[in-house]
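Please look over the sequence and the model below before reading on. The paragraphs after it go from the whole chain to single elements.

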Amino acid sequence: MGQDFFTHLPSEMTINILSRLPARTAVHCKCVCKPWLDMLESPEFVKSHKSKAVPGLAVFEWETQSKPYKIVEFVEKLDLNSDEHRWKVVLNFDIPFNEPVHSSANGLLFLCKRGSRTGALILCNPITREYIKLPCPRETSSKPRLLLDSYGFGVSRMSGQYKLVRMFFESYQARPQGVTLDKFECQVYSVGTGLWRRIDSGSRLKYEEGSVGAFVNGNLHWLAVDLKCRKLRISCFDLETELFSTFSPPPRFDSFKCRKLSVLGDCLCLCFNGVDEYTGGYEIVIWLLKEYGDERSWTKEFVICKMHSIDFLGHVYPIKVFEDGDILMEWESLLHYSNKTKTIREVNVSGLGCRVISSAVIYAPSFLPLNTFAMENVSSF
């Protein structure tokens, strides 16, 4: 193969070839020549690479002083006898903020403290090494006592707009009567506009404190309690139409305390960690909504029995199910459930300690440049 082989190939064929490379390798290809640099920054390459990107993990280490953010690749099957080849940290990076990884969408990471108004709101692309500090939304009353503050981040299906959604519930003193009033509100920020907008939040729902909006099928989802009937519901926000709807969780979920709404694979997922009120056993139960939009398709996919309650309690976040039925989960650290031995153990990720993981989310790399968003100040790191 001569050195001019790629010179005579059609650009679409060259893009097809280069888009199959791992993200870090493709980054190095930018240094080959100016035509390749332009090609790897073109919208055609960005779209092609995104469609072929293999998801890994974006991890934030709370106790690490230097480069606390890591992008990790993992193999399909976990080998319990060796940690050496199961994980590979392909990127370590730092930005001038210390915010946990909240969620990701199309290769962009959203960073913020869950359930906190004091932290910064950051949008970051680790591959292009760019970030945006988003403006914080304004409060609606002069001296509010905030009771709930929850964010979600995703991309609309048709327009492709990246949107940040904030759900909150506040209690404040009305003047001059001095009466305490409660207020529910939704605020939306379309990345690139520089403005937060108020949206009708629909039903009177009390969202769970610090919850993360689960992004699937172009919609964001939160667990919430309907204050009229006092029942647990799933609130769904369509990022395209900016309209709300609700649907039911799996049966018997009203009584579960340690519950977590997330996405597992391509399905909306509800995970319960605690005591089954009928059997009295300590379990992790994972439900999947097999057919999106049909609440009758909730399926109890996994039941993981624990020896006793001190194994761990709290919100368990299922991350990935492997081909052999093993499950990767997060609860303060990364946990591996062996489908063969029916046991749970903490795992190391090549250089990551067991008990310092603050957050970990599924992440698929993207070459989307943040300077495509107008009205945003893009910084490099």
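This is a predicted model: local features need pLDDT of at least 70, side-chain atom pairs count only at pLDDT 80 or more; totals for chains, interfaces and linings use all residues.

Residues are numbered from 1 along each chain as its sequence is written, and side-chain values use heavy atoms, with hydrogens and water left out.

The protein chain holds four helices and 26 strands; helices (H or I, at least four residues) and strands (E, at least two) are DSSP runs, numbered from the N terminus. Of its 381 residues, 51% count as buried, where buried means under 20% relative accessible area, exposed over 50% and partly exposed in between (1.4 Å probe, protein chains only). Among contacts (heavy atoms within 4.5 Å) between residues at least 6 apart in sequence, 52% join residues at least 24 apart.

Helix 1 (residues 11-18) has Thr 14, Ile 15 and Leu 18 among its residues, and these three are buried. Because they cover an arc of only 100 degrees around the axis, they lie on the same side of helix 1; the arc is that of the directions from the helix axis to the C-beta atoms. In general, an α-helix has 3.6 residues a turn, so residues three or four places apart point the same way. The cover over the buried residues of helix 1 includes helix 2 (23-29), helix 3 (34-40) and helix 4 (43-52).

Strand 15 (residues 231-238) takes part in two hairpins, and seven of its eight residues are buried. Strand 14 (219-226) runs antiparallel to strand 15 and is joined to it by eight bridges; two strands pair if DSSP finds at least two bridges between them. Leu 220 has Phe 237 in strand 15 as its bridge partner. Four residues lie between the strands of this hairpin, where Arg 230 takes a positive phi near 60 degrees. On to strand 16 (residues 244-247), strand 15 pairs in the antiparallel sense over four bridges, with Phe 244 as the bridge partner of Phe 237. Five residues separate strand 15 from strand 16, and Glu 242 in that turn has a positive phi of about 60 degrees.

Asn 217 sits between strand 13 (212-216) and strand 14 and is partly exposed, with a relative accessible area of 40%. Lys 342 is in the loop between strand 23 (333-338) and strand 24 (343-346).

Next comes an open sheet of four strands, in the order 17-18-19-20 with antiparallel pairing. Strand 17 (259-264) and strand 20 (298-305) are at the edges with a single partner strand each, so one side of each has no neighbour in the sheet. Strand 17 pairs with strand 18 (residues 267-275) over six bridges, and Leu 261 stands opposite Leu 270 in strand 18.

The largest pocket has a volume of about 1200 Å³. A pocket is an open set of points on a 1 Å grid over the protein atoms alone, where a 1.4 Å probe fits, with protein on both sides within 12 Å along at least five of seven lines; lining residues have an atom within 4 Å of a point. Grid points are joined across faces, edges and corners, and the volume is the space filled by probe spheres set on the points. Of the 44 lining residues, Ser 104, Phe 215, Val 263, Gly 265 and Ile 362 are the closest to the centre. Elements that give two or more residues to the lining include helix 4, strand 13 and strand 17.
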